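Have the structure open as you read.

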Amino acid sequence: MGQDHSRASNKDEYKDHHLDSLKKRYAELEDVGPGLSAATFNKLLYFPGAESIGKKWLALHPNLQDKPALTLEDFEEIINDSMGRTSYQFLFALFSKESRLDRKDAFELFNTARVLGLAAGYPDRDMVSADIEHTEVAHALADGLFSSLPSSKCHIELIPNVSVCFSQEIATADEFENWVQRNTPRLFNGVSRWIEIQVSTPSDHASHSAHIDLTDIVISLEGENISTCMMTPSIAWLLSCSVSPIYDTFGSWRLLYASHLHGQSGNRFQHHTYRYSGPSITLVRTQDGAIYAVAVDEEWKERLSAWGGDKCALLRVMPATCFCMEGIKVYDDLRTRHQAHGFGFGRDPKSPETAELWLDTTLSEGSTVLSVDGSGSRQTLVIDRVE
């Protein structure tokens, strides 16, 4: 009984604090007599490179669109409506049309999540301004979503008795939420934080709020020359949305090895990575532009058997994002007699015939079964870079 009373009390305290914050923020934003203009609300949520979620948000409230100014009650209604939905439901409602999400809308949704995630996750926005212009990650997310869905055939009658058949890619709310939860479960943390900072946090608290728990939004790349890295801020953001949070709990991330800087070979990889004792992420890019990511939750060390904890993971970042599997094993052996030599990742990684992803000892060739078409057939890889 006492425990239930305590929980109810804490919930009431949070609600009172939230309402107090909204009132303070509203008072700061008032710009049209006794009210807040839609233009100011839109501007508040705008960030270069992202869709205007302010306009989309107001569109969910048709009764408020023609009002010359939003009252405090209107402002609270808008904000509290979003709090009654999950982040998946809220973003889907903003970008979908008639409860359906097409490829264009999905791209805009994913790109907005990316841009606002970077804006909320990096206090130094100059650090990511150039990367915001590159939308490849958002396209990869949209491709990942729709490559997982069966195409539906639609017949449209242009004139009587004459119809055209074509494939239409549409995602329902359930399909969208299921895919995001399976592949990128923290995809909208940055959007939620951006809204919290911009809309419901008074300016005297905004600076403090902007630096709380940012590691749960995006992996830090501070200290690295991003222009030379395959691990761009956008890819780092995508990985932090996908892999276990344990990879975000060790402070700033730094480059251990890059094949274009340190030499492309298994020996050079070992030399630069085997002295690091924490979890790490390895990116592999092929000559045709595909990017794979391997998250390893133990220190790299050459061993006779496959190794790795339950947070090891294998992802295809591009061309169509897919969280392929968690709890994979790692195999690395460059010299043991009668053993396959190379680096293997997957459920049975000890040979190039059974590993889901295999890299040879030179890190210049490999193979994978993680094809976009989902056929499971093994494809040969020509490797361009490893980091």
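Pro319 sits in the loop between strand S7 (313-318) and strand S8 (322-326); strands (E, at least two residues) and helices (H or I, at least four) are DSSP runs numbered from the N terminus. The model is predicted, so local features need pLDDT of at least 70 and side-chain atom pairs pLDDT 80 or more, while totals for chains, interfaces and linings use all residues. Residues are numbered from 1 along each chain as its sequence is written, and side-chain values use heavy atoms, without hydrogens and water.

Most residues other than glycine have a negative phi, and most peptide bonds are trans. Here are two places to look at with that in mind.

| Place | Backbone feature | Loop |

Now for a pair of helices. The axes of H6 (residues 103-121) and H8 (residues 136-147) come within 8 Å and cross at roughly 135°; axes are lines fitted to C-alpha atoms over the stretch in contact, with angles from 0 to 180 degrees between N-to-C directions. H6 and H8 are therefore oblique to each other, a word for angles that are not under 35 degrees (roughly parallel), over 145 (roughly antiparallel) or 65 to 115 (roughly perpendicular). In the contact (heavy atoms within 4.5 Å), the H6 residues include Phe107 and Phe110, and the H8 residues include Leu141 and Phe146.

Finally, which residues line the largest cavity? They are Phe269, Thr282, Trp300, Phe343, Phe345, Leu359 and Leu363. A cavity is a set of points on a 1 Å grid over the protein atoms alone where a 1.4 Å probe fits but cannot get out, and lining residues have an atom within 4 Å of a point.

How values were computed
1 Å grid on protein atoms, 1.4 Å probe; cavity = no way out; pocket = protein on both sides within 12 Å on 5 of 7 lines; lining within 4 Å.
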